[in-house]
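Dear colleague,

Please find the structure below, handed over for your files. My notes on what was found in it follow directly after.

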Amino acid sequence: MRYWCEYAWLPDGVVPGVGIDVSDGVVEAVEPGRPRSGTVLSGLTMPGFANVHSHAFHRALRGRTHGERGTFWTWRERMYALAARLDPDSYYRLARAVYAEMVLAGYTSVGEFHYLHHAPDGRRYADPNAMSAALVAAAQDAGIRLCLLDTCYLAGGPGRELEGTQRRFGDGDAEAWAARVAEFRPEGRHVTVGAAVHSVRAVPASQLAVVAEAAGGRPLHVHLSEQRAENEDCLHAHGVTPTGLLADHDVLGPHTVAVHATHLTDGDMSTLAATGTGVCFCPTTERDLGDGIGPARALNDAGVPLSLGTDSHAVVDPFEETRALELNERLAAEARGRFTVTELLAAATAHDALGFPDVGRLEPGAQADLVTVRLDSVRTAGAEPDGVFFAASAADVTDVLVAGEHVVRDGVHTRVDRPAALLATEIGRLR
């Protein structure tokens, strides 16, 4: 296929009048200044966005946890109640609609931090990876790349057993978790299986190294220091911060991504940088839950790779997440210009954090994941092309290609019919 882009965001910046040739899902040629020919993509064409941290089932909570004000912990109880109502079939239907929403917004890959492993009472399904298989099928049908981050979740807090809905999250111990994950080998070129430590609250210290070893160089993610209470509990139980505990048990490293990293000490940031660990911020969820503002600029200055996720899906919009990285920093620092647009694009397209290192660039040899954004909407009219992060929204995405497949054309999903209606139906059933 031959495409002509009115503007394209190439590795060296935004360029007008760019031809892009795609063959077998891969960018074959990029030619600035090519005469208009082939399929015309009007507006700005960018690399596909990476949603590095997702809990697909949380989407059913959007707009339903605010009426009673509440706290992070009261929100969590609502989340557990929702988790108790899902089975493989209903999770497939919900996740398919959620992933379709993501592609419509411009995401071409997603990291699913998955811990709904078993039946609500904790018993295993006949296929112990049935819930994982449901997510893989949902992503494939929605046309999005998936890194399934199978999450080890063993405790309800330091010294506390799993209880209630939490029982469906657990495998007994890390060895049993690793054995189950080893049995799951999904087919498909756009699926990877990684691992996750839910948090230092949910995986006892004695089990952390088992998870790290089982990850075996695959993506390994972990919730880190999202709440101050997590830090306090860890200091009380182990005498070190969560970052220190993870470092002591070889969880950190170049394949590891720490999610949130909101409340870090200077020593924590040095440890993350020294180990090559990345950090994923989820700004719209972090503000929805009142977590706080993480030290994004300081981490980036220390050499820590940054990425972005939608986490609870309070919002599914890569432009909102990306500009929030900058705008949160402005609020914290009381200064503008904290990140360059090039740095923001790098965080928004960090597919390597999900095991897709050849995605996220418009250059020959890269996977053909393209997103085109209108520059003539009421939001973007008059904006410079490289100013889209401060002007556009997901509603301005017109076309999305994933590995060369035109999954969104003229704002319409080509694989999933009426995703909004599907979301309303599935969330209604869960209520």
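**Salt bridges**

The side chains of E101 and R62 are joined by a salt bridge, with N and O 3.1 Å apart; the term denotes a side-chain nitrogen of Lys or Arg within 4 Å of a carboxyl oxygen of Asp or Glu. This pair connects distant parts of the chain, since E101 belongs to helix α2 (residues 88-105) and R62 to the loop between β5 (49-54) and α1 (72-83), 39 residues apart. Helices (H or I, at least four residues) and strands (E, at least two) are DSSP runs, numbered from the N terminus. E101 is buried at a relative accessible area of 16%, while R62, at 28%, is partly exposed. Here buried means under 20% relative accessible area, exposed over 50%, and partly exposed in between (1.4 Å probe, protein chains only).

Please note that this is a predicted model, in which local features need pLDDT of at least 70 and side-chain atom pairs count only at pLDDT 80 or more, whereas totals for chains, interfaces and linings use all residues. Residues are numbered from 1 along each chain as its sequence is written, and side-chain values use heavy atoms, with hydrogens and water left out.

By the rule stated above, the count comes to 23 salt bridges. Another of them joins R330 to E326, with the closest N and O atoms 2.6 Å apart. These two residues lie 4 residues apart in helix α11 (residues 318-333), so about one helical turn separates them. An α-helix has 3.6 residues a turn, so residues three or four places apart point the same way. R330 is partly exposed at 21% relative accessibility, whereas E326 is buried at 1%.

A further salt bridge links E405 and R415, whose closest N and O atoms are 2.8 Å apart. E405 is in strand β15 (residues 405-409) and R415 in the loop between β16 (412-413) and α13 (419-430); the pair, 10 residues apart, thus links distant parts of the chain. Both residues count as partly exposed, E405 at 32% relative accessibility and R415 at 37%.

Two strands pair if DSSP finds at least two bridges between them. β14 and β15 run antiparallel and are joined by 3 bridges. V402 stands opposite E405 of β15, the residue that also forms the salt bridge with R415.

D396 sits in the loop between β13 (370-373) and β14 (397-402). With a relative accessible area of 1%, D396 is buried. The D396 side chain makes polar contacts with the side chains of S377 (2.7 Å) and R379 (2.9 Å). A polar contact is a pair of N or O atoms within 3.5 Å; within protein, one must be able to donate a hydrogen and the other to accept it, and residues adjacent in sequence count only if both atoms are side-chain atoms. Setting aside neighbours within four places in sequence, D396 is in contact (heavy atoms within 4.5 Å) with T372, V373, R374, S377, R379 and T380.

**Helices**

The buried residues of α1 are F72, W75, R76, M79, Y80, L82 and A83. Viewed down the axis of α1, they fall within an arc of 155 degrees, so they line one face of the helix. The arc is that of the directions from the helix axis to the C-beta atoms. The buried residues of α1 pack against α13.

In helix α4 (residues 174-183), A174, W177, A178, R180 and V181 are buried. Their arc around the axis is only 165 degrees, which puts them on the same side of α4. Among the elements covering them are β7 (145-152), β8 (191-197) and α5 (205-215). D173 caps the N-terminal end of α4, with a side-chain oxygen 3.2 Å from the backbone nitrogen of E175.

Finally, R323 lies in helix α11 and is buried, at 14% relative accessibility. Not counting residues up to four places away in sequence, R323 touches V388, F389, F390, A391 and A392.

Yours sincerely
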